[in-house]
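Take a look at the sequence and the 3D structure below. This report covers salt bridges, strands and pockets.

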Amino acid sequence: AKLAPVDLALGWGPMSEAKVINALRISQDHRWYQYSWPDVPPIDADEIARSSANMHMIPADGVVRAELLKVKRHELVELSGYLVEIRSPDGWHWRSSTTREDTGGGACEVVWVTHLERQRL
């Protein structure tokens with residue numbers, strides 16, 4: 001948590017539309033992102049997976065960290081940064097996914113965030 005203090009479940013395209021988000025049950029727990037729906041998914045289930053992700057955010061500095069901590073549900077943000085792989089001398093590593101076709105363990109993105117901008121509607 002010191003390295004990546006914020007996890008964001010982010011959506012783009014159809015997964016950034018309030019009517020789609022509101023039709024889903026979305027939760028985060030223990031660095032995992034889950035979604036489900038009561039009867040029928042509001043969009044194709046494969047599209048939900050391709051258009052959303054759990055992202056572990058590594059802020060480049062204190063200003064970015066403070067902005068990441070303020071992000072709220074349904075807020076539109078634009079992020080700049082890099083997908084990263086982290087390695088420690090003891091062999092531990094944490095590698096970002098680099099595809100939108102994966103799901104489950106190891107499918108999350110690890111992002112070095114250099115800038116966050118809130119979008120005005």
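## Salt bridges

A salt bridge here is a side-chain nitrogen of Lys or Arg within 4 Å of a carboxyl oxygen of Asp or Glu. The model is predicted. By this rule, it has seven salt bridges.

One of them joins the side chains of Asp-7 and Arg-31, at 2.8 Å from N to O. Where do Asp-7 and Arg-31 lie? Asp-7 is in strand β1, and Arg-31 is in the loop between β2 and β3. The two are 24 residues apart in sequence, so the pair ties together separate parts of the chain.

Strands of a sheet pair through backbone hydrogen bonds, and the pairing is either parallel or antiparallel.

Now zoom in on one pair. β1 and β4 run antiparallel and are joined by six bridges. Gly-11 stands opposite Ser-52 of β4.

Ile-26 has Tyr-35 in β3 as its bridge partner.

How many residues sit between the strands of this hairpin? There are two. In this hairpin, His-30 takes a positive phi near 50 degrees. The loop between β2 and β3 also holds Arg-31, the partner of Asp-7 described above.

## The largest pocket

Rolling a probe the size of a water molecule over the atoms shows where empty space is left. The largest pocket has a volume of about 590 Å³. It is lined by 24 residues. Closest to its centre are Ala-9, Leu-10, Gly-11, His-74 and Glu-75. Gly-11 is the residue that stands opposite Ser-52.

Which elements each supply at least two residues of this lining? They are β1 (6-11), α1 (18-22), β2 (25-29) and β5 (77-83). β1 gives the most, with five residues. By class, the lining has 13 nonpolar, six polar and five charged residues.

## The second largest pocket

The second largest pocket holds about 300 Å³ of space. Its lining has 18 residues. Tyr-33, Asn-54, Gly-104, Ala-107 and Cys-108 are the closest to its centre.

β3 (32-36) and β4 (52-59) each supply at least two residues of this lining. Which strand gives the largest share? It is β4, with four residues. The lining of the second largest pocket divides into seven nonpolar, eight polar and three charged residues.

Conventions. Residues numbered from 1 in each chain as written. Predicted model: local features only at pLDDT ≥ 70, side-chain atom pairs only at ≥ 80, totals over all residues. Heavy atoms only, no water. 1 Å grid on protein atoms, 1.4 Å probe; cavity = no way out; pocket = protein on both sides within 12 Å on 5 of 7 lines; lining within 4 Å. Points joined across faces, edges and corners; volume = space filled by probe spheres on them. Nonpolar A, V, L, I, M, F, W, Y, C, P; charged D, E, K, R; others polar. Pairing = 2+ DSSP bridges.
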